[in-house]
Amino acid sequence: MFIENYREVSQRIAAAARRAGSSPEKVTLVAVSKGRSVAEVKGAIDAGIADLGENRLQEAQLKYNAILSTQYSIRPKWHLVGHLQTNKAKDAVRIFDLIHSVDSLRLAEEIDKQAARIGKVQDILIEVKTSPEESKYGIAPQELPKLLPGVCALQHLRVKGLMTIAPLVDDPEKARPYFKMLKGLFDTANTQLTIDQRLSTLSMGMTDDFEAAIEEGATMVRLGRALFEG
Ligand SMILES: *Cc1c(COP(=O)(O)O)cnc(C)c1O
């Protein structure tokens, strides 16, 4: 089942990328494995998945350790797509390649501090709350220009881009304005950052709306149900 889903999803990603005038390899697929078993995660890796997303630290740690002990020749990349509490930053920097959910200077500073302790430069995204009523976390769009310089100045962090969670809607077209908004913020930020600070990653799009997200410029989509169900 996973393999068939993966094949179909890959084709849909490729088609959406071409519609956007981009190319399929410019869109990274993160398989969101929250709630799935270690066996399912292994099945995904065996099928060729290179990026795994989790939304809770503890669950991610269990799977990370299980996969580590399996000694795959290719190490998957681990993404934290859910909220991170400041007091868990220490554990998060140990396992995650990309933290999608940074939404305050305080959290960024703590990640920076913990990354420095283990000699790591932690890649992060800033989560933006594009729809005020729906998502609990993320910064307000107008806060981004204030937050970015402070976060970019941290030595053990690398801000790769922005992330948003669009509201749950019955029609993906209704999610499109939120993707457009994030792309606008991304483009504006890039006119204000230095060349070496430029943002490259736009993490937006889930099972119900990923094609619209790619058409609006997503470079990373986070898919759970489309891959693991149906
Ligand atoms: C669960 C989750 C996803 C995947 O959701 P699906 O609708 O199953 O594709 C993506 N991003 C975040 C932040 C999530 O929590």
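User: Why does Arg176 count as buried?

Analyst: Happy to start there! Buried means under 20% relative accessible area, exposed means over 50%, and partly exposed lies in between, with a 1.4 Å probe and protein chains only. Arg176 has 15% relative accessibility, so Arg176 counts as buried. Before we go on, please keep in mind that this is a predicted model, where local features need pLDDT of at least 70, side-chain atom pairs count only at pLDDT 80 or more, and totals for chains, interfaces and linings use all residues. Residues are numbered from 1 along each chain as its sequence is written, and side-chain values use heavy atoms, with hydrogens and water left out.

User: Where is Arg176 placed, and which residues does Arg176 touch beyond four places in sequence?

Analyst: Arg176 sits in helix 7, residues 176–192; helices (H or I, at least four residues) and strands (E, at least two) are DSSP runs, numbered from the N terminus. Contact means heavy atoms within 4.5 Å. Not counting residues up to four places away in sequence, Arg176 touches Ala212, Glu215 and Glu216.

User: What makes Lys183 partly exposed?

Analyst: The relative accessibility of Lys183 is 26%, so Lys183 counts as partly exposed. Lys183 is also in helix 7. With neighbours within four places in sequence left aside, Lys183 is in contact with Leu202, Glu216 and Gly217.

User: How many aromatic pairs does a search of the whole structure find, and why is the pair of Phe2 and Tyr6 called tilted?

Analyst: The search finds three aromatic pairs. Rings of Phe, Tyr and Trp (its six-membered ring) pair if their centres lie within 6.5 Å; planes under 30 degrees apart count as stacked, over 60 as edge-to-face and the rest as tilted. For Phe2 and Tyr6 the ring centres are 6.0 Å apart and the planes stand at 45°, so this pair is tilted. Phe2 and Tyr6 are four residues apart in helix 1 (residues 2–19), so about one helical turn separates them.

User: What makes the pair of Phe2 and Phe228 tilted?

Analyst: Their ring centres are 5.1 Å apart and their planes are at 55°, so this pair is tilted too. The pair links distant parts of the chain, with Phe2 in helix 1 and Phe228 in helix 9 (residues 225–228), 226 residues apart. Phe2, Tyr6 and Phe228 form one aromatic cluster.

User: Are Phe2 and Phe228 buried or exposed?

Analyst: Phe2 has a relative accessible area of 12%, so Phe2 is buried. Phe228 is buried as well, with a relative accessible area of 5%.

User: How do you know that the protein is as compact as a globular protein of its length?

Analyst: First, the make-up: the protein has nine helices and eight strands. Its radius of gyration is 17 Å, close to the 17 Å that the globule rule gives for 230 residues, so the protein is as compact as a globular protein of that length. The radius is taken over C-alpha atoms, and the globule rule is 2.2 Å times the number of residues to the power 0.38. Along the principal axes, the C-alpha trace spans about 45 × 40 × 35 Å.
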